[in-house]
Amino acid sequence: MLERETWKSKIGAAFAFMAATIGLGSLWRFPYKVGVFGGAAFLLIYFLAYILIGIPAYNAETLLGKRTRKGPAGAFELAAREVGASYKWRYLGDATVILGTLLNTQYLVVVGWTIVYFYLSLTGKIFTTDIQRLESIWRSVFPGYLSVIGLGIATIYCTYFIIKGVSRGIEKVTQILMPALFIILLIGVVRSLTLPNASEGIIFLFMPHIEALADPVVWLQALGQVYFTTALGIGFIITYGSYMAKDQNIEYNTYLVAFGDNLASILAGLAIFPAVFAFGFHPAAGPQLAFIVLPQVFAKMPLGYIFGVLFFLSFAIAALECTKAAFEVATAYLIDEFGVERRKAAIFVGAVQFLIGIGSALSYDVWMLFDWLWTIIPPLIGLFTSIFVAWIWKAERFAEEEKIREIWFLLLKYIVPIGILIIFLGYLTQFFQIYLIR
């Protein structure tokens, strides 16, 4: 059996984890959630939840991967066997991989959109204030063959680099692209903050509306955003944790990732909202913020073409590097559990992702169904994962050896399950109201 690959450096590991968590959760979903759900009030709840739920759960999944040196299926099996627990816990690992891979087929369509829009930004066609034209362009992208083309390009990109392996295909690439992403975001922030009336966007982002703190929907959305952006419950973190060397510190790595993830979110907000306010647009534009509103902003902005191209480039970088982790989870599963050679495993995973993803690319209803499943399945898996790691596997026994503070294990045992349960029940209720209660 081949020796398992490891991250070659601490910073390389941090960038790899960062790439798996930043994605569109930080650059697309975060800004529009802030815009729709109360600005700075949302931020306050979000950061509180990130500390109480995100960090301890992130530590837990990383620890499970690092100690077992396996992806989710093997990790749950070995950990359960270690403490004499039921073999059936392995099924949770299998479900994590299979369901996470299935859900990623829809996310891969969104990744394809970023590629299509980057191309459209290069042509300059989307930089216009004609909203009807922008909506027409959007309708030509989704649903339709352009989404399939974007899906195909994203699939080829991820498959190619996963074939190259953990160090050469993931770590080396993210060490280049993650710093590039932050540089592009900083350029966007500088341009946005130097526009007239940019201060209104800063106030919107950082000045809380106290009344929004009493809205349970804002709390649910902020909790859900933490879970979405940290990529928990879908195998990313367990798998990446399995590639950590013994001398790589889990808690330190989590702090770096949390800093990078939230820095990217804030930079995205600072790059977007001051510009949105400067040109008289509404911040609560929802998912269309990136594809309908921002092209109009760039059309009005001095040197808007350059900054628009850079924005959509950063969009594509974040999306591609994040979804690459899903390919690695499924590929590692085939390698670890079935002995498939990496190249064959990666190609098989890519083919399956593409074929299933065509449904979401061509049908709005299919895409929306998967979108709701994204909000329900990962928290459910994450709930059982946190219970297993904290109460069955008793992860606190590794606190001293792994140099993880006990406070994170206390939060994992008592706060994380409650927080995740609230997220799951909240979104499940909304799902029933939309799809089952007419």
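Colleague: In what kind of crossing does α4 pass α13?

Modeller: The crossing of α4 past α13 is left-handed. A crossing is called left-handed if the near helix is turned anticlockwise from the far one by less than a right angle, and right-handed if clockwise. Helices here are DSSP runs of H or I with at least four residues, strands are runs of E with at least two, and both are numbered from the N terminus. Before going on, note that this is a predicted model, in which local features need pLDDT of at least 70 and side-chain atom pairs count only at pLDDT 80 or more, while totals for chains, interfaces and linings use all residues. Residues are numbered from 1 along each chain as its sequence is written, and side-chain values use heavy atoms, with hydrogens and water left out.

Colleague: At what angle do α4 and α13 pack, and how far apart are their axes?

Modeller: Two packed helices are described by the angle between their axes and by the distance between those axes. Helix α13 covers residues 304-338, and its axis lies 8 Å from that of α4, at an angle of about 155°. An axis is a line fitted to C-alpha atoms, for helices over the stretch in contact, and the angle runs from 0 to 180 degrees between N-to-C directions. The two helices are therefore roughly antiparallel; the classes are roughly parallel under 35 degrees, roughly antiparallel over 145, roughly perpendicular from 65 to 115, and oblique for the rest.

Colleague: Which classes of residue make up the contact of α4 with α13?

Modeller: That contact has 22 nonpolar, six polar and three charged residues. Nonpolar covers Ala, Val, Leu, Ile, Met, Phe, Trp, Tyr, Cys and Pro; charged covers Asp, Glu, Lys and Arg; the others, Gly among them, are polar.

Colleague: How do α1 and α4 cross?

Modeller: Their axes come within 11 Å and cross at roughly 60°, which makes α1 oblique to α4. The crossing of α1 past α4 is left-handed. From α1 the contact (heavy atoms within 4.5 Å) uses G23, L24 and W28, and from α4 it uses Y107, V110, V111 and T114. By class, five of these residues are nonpolar, two are polar and none is charged.

Colleague: Is T114 buried or exposed?

Modeller: T114 is buried, at a relative accessible area of 0%. Buried means under 20% relative accessible area, exposed over 50%, and partly exposed in between, with a 1.4 Å probe and protein chains only. T114 sits in α4, which runs over residues 90-123. Apart from neighbours within four places in sequence, T114 contacts L24, F312, F315, A316 and A319.

Colleague: What does G12 touch?

Modeller: Setting aside residues up to four places away in sequence, G12 touches E171, T174 and Q175. G12 and T174 are 162 residues apart in sequence, but their C-alpha atoms are 7.6 Å apart in space. G12 belongs to α1 (residues 10-36) and is buried, with 0% relative accessibility.

Colleague: How far apart are L92 and P295 in sequence and in space?

Modeller: L92 and P295 are 203 residues apart in sequence and 43 Å apart in space, C-alpha to C-alpha. L92 lies in α4 and counts as buried at 12% relative accessibility.

Colleague: How many disulfides does the structure hold?

Modeller: A disulfide is a covalent bond between the sulfur atoms of two cysteines. The cut-off used here is a pair of cysteine sulfur atoms within 2.5 Å. The structure holds zero disulfides. For C158, the nearest cysteine sulfur is that of C322, 9.4 Å away. C158 is buried at 0% relative accessible area, and C322 is buried at 8%.

Colleague: Which peptide bond is cis, and where is P143?

Modeller: The bond from F142 to P143 is cis, with omega near -10°. P143 is in the loop between α5 (131-141) and α6 (145-164).

Colleague: What is phi at R69 and at L303?

Modeller: R69 has phi near 60°, a positive value in a residue other than glycine. R69 is in the loop between α2 (40-68) and α3 (72-82), and is partly exposed at 29% relative accessible area. Phi of L303 is also positive, near 60°. L303 is in the loop between α12 (293-300) and α13, and is exposed at 57%.
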